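Let's walk through a few spots in this protein together. Have a look at the sequence and the model first.

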Amino acid sequence: EALKAFNKAVSVNPNYHQAIYSIGLCLQGQSKLSQAIKTYQRTISLKPDHSYAFYNMGLCFQLQQNLNEAATAYNKAISLKPEYYPAYNNLSVILKQQGKLDASIQMYERALSVAPDTAKVKMNLSIVKSLAVPSWHIIMMNDHVRNKAYSDALKLAINSDALVLEIGTGSGLLAMLAARAGAKKVITCETSKTISRIATDIVKENNFSNEINIINKKSTDLVVGKDLPAKADVIISEVLSAGFVGEGVQSTLVDANRRLLAPNGKMLPESGEIKIALLGDSKEIKESLYVDNICGFNLSKFNMIAGNKFSIKLKNKPTLLSEATSAFKIDLCNLQNVFEKETVLKLFAQKTGFCYGIIQWIIINIFKEVKYENTPGELDSHWPTPIYRFDEPIYVTKGQEITIKAMLLEDSVWFEYVK
């Protein structure tokens, strides 16, 4: 009925832009999105500064998953009505969908600048921040054993003439440790605009702005002679995962070794190892890896659809049924190509009992004698403990040989039991 009335109004006055706009709202309400868009475009042709027509046209494009057109419409609505926060909110959603997390954060912040008490915007901003800056950053910065190891290593590696390149700025902590160790200049690069922006503030607040330059780029995009005055005497990084490889560490350091490190330069960390052992029985381990009888019901078939790799923050020291074995060793100083390997390992049970899988941790040889090892149960590491669960527990006896297939790929590792 509304549509009939507005159409009648337009038939009387074809240039009645508000009635044409209202027709668009009716069509949009009937989910006739393409027709609604054409009607909003007609409205805009008559009244180019009709911000709500642009906004609702953006909504229609967004519902059609035409994100680029939607973003254009929202941006126009914002330019016409800067105080209209829903346009900011919806544009932030689109930027998030497009993977432009930094831009999404900035748009939500603009929304809050005009509507500071809007709970929905605050909630959405928090979600995107968690995606752009995962919570493990906080835990990593509070890993005091790791921090001391890097600080000790940097004091040994750096002299007063050193040009230092850090890959992955984060909070700026390692860059400031390098500057405090006496580096002449520290260049640090960070891909996240959000992180690099706040790291710049942190470096300034701690009075290191003269010593440290933060560049919002991937290390693989750095240009010697432009971003770096020369090849670096020392390259430091901490782009390691709980499995050592991950986060593109191999390809990143291959490029750094080839292009960015001076002859006889130092790479920190120098190398690393991936260690494994057979994992024994405990209530914590069993309830983290398997389900059995719950509330009188047999739920064990659910184990069949669960994955085999788990990452767990263990509360208790696990039982190891074998000696620790070095599965892979990676020389980061001389990494000229991505290192991949597949091998078969023989582990020997030192105890009798149920074995639930393979437990894994890492050793980071940072520089000379300085190293970091997050042995499960012995160090409260910021990294969770990877566990590769067997399809079902196996009972092993002391001295029994267990065969494990081990694979190291560019950005992941894998271990499985060979029956």
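Q: How many of the 8 residues of strand β15 are buried?

A: Keep in mind that this is a predicted model. Strand β15 covers residues 401-408 and is mostly covered. A residue counts as buried when its relative accessible area is under 20%. By that cut-off, the number of buried residues in β15 is 6.

Q: Which strand pairs with β15 over 8 bridges?

A: Look for a strand that runs antiparallel to β15, at residues 341-348. One of the bridges takes isoleucine 402 in β15 to leucine 347.

Q: How far apart are the end C-alpha atoms of helix α6?

A: Helix α6 has 13 residues, 85-97, and at 1.5 Å a residue they should span 18 Å. The distance in the model agrees with that, so the end C-alpha atoms are 19 Å apart.

Q: What covers the buried residues of α6?

A: Among the buried residues of α6 are Pro86, Tyr88, Leu91 and Leu95. Their cover comes from elements including α4, α5, α7 and α8.

Q: What is the accessible area of the nonpolar surface patch with Met123 in it?

A: Methionine 123 belongs to helix α8, residues 119-132. On the surface, Met123 forms a nonpolar patch with Ile127 and Leu131. Together they have an accessible area of about 290 Å².

Definitions and conventions. Residues are numbered from 1 along each chain as its sequence is written. This is a predicted model: local features need pLDDT of at least 70, side-chain atom pairs count only at pLDDT 80 or more; totals for chains, interfaces and linings use all residues. Side-chain values use heavy atoms; hydrogens and water are left out. Patches are made of residues with over 30% relative accessible area and no salt bridge: like charges are joined within 9 Å, nonpolar side chains (Val, Leu, Ile, Met, Phe, Trp, Tyr) within 5 Å. Accessible areas come from the Shrake-Rupley method with a 1.4 Å probe; for residues, only the protein chains shown count as cover. A salt bridge is a side-chain nitrogen of Lys or Arg within 4 Å of a carboxyl oxygen of Asp or Glu. Helices (H or I, at least four residues) and strands (E, at least two) are DSSP runs, numbered from the N terminus. Buried means under 20% relative accessible area, exposed over 50%, partly exposed in between (1.4 Å probe, protein chains only). Two strands pair if DSSP finds at least two bridges between them. The expected span of a helix is 1.5 Å times one less than its number of residues. Contact means heavy atoms within 4.5 Å.
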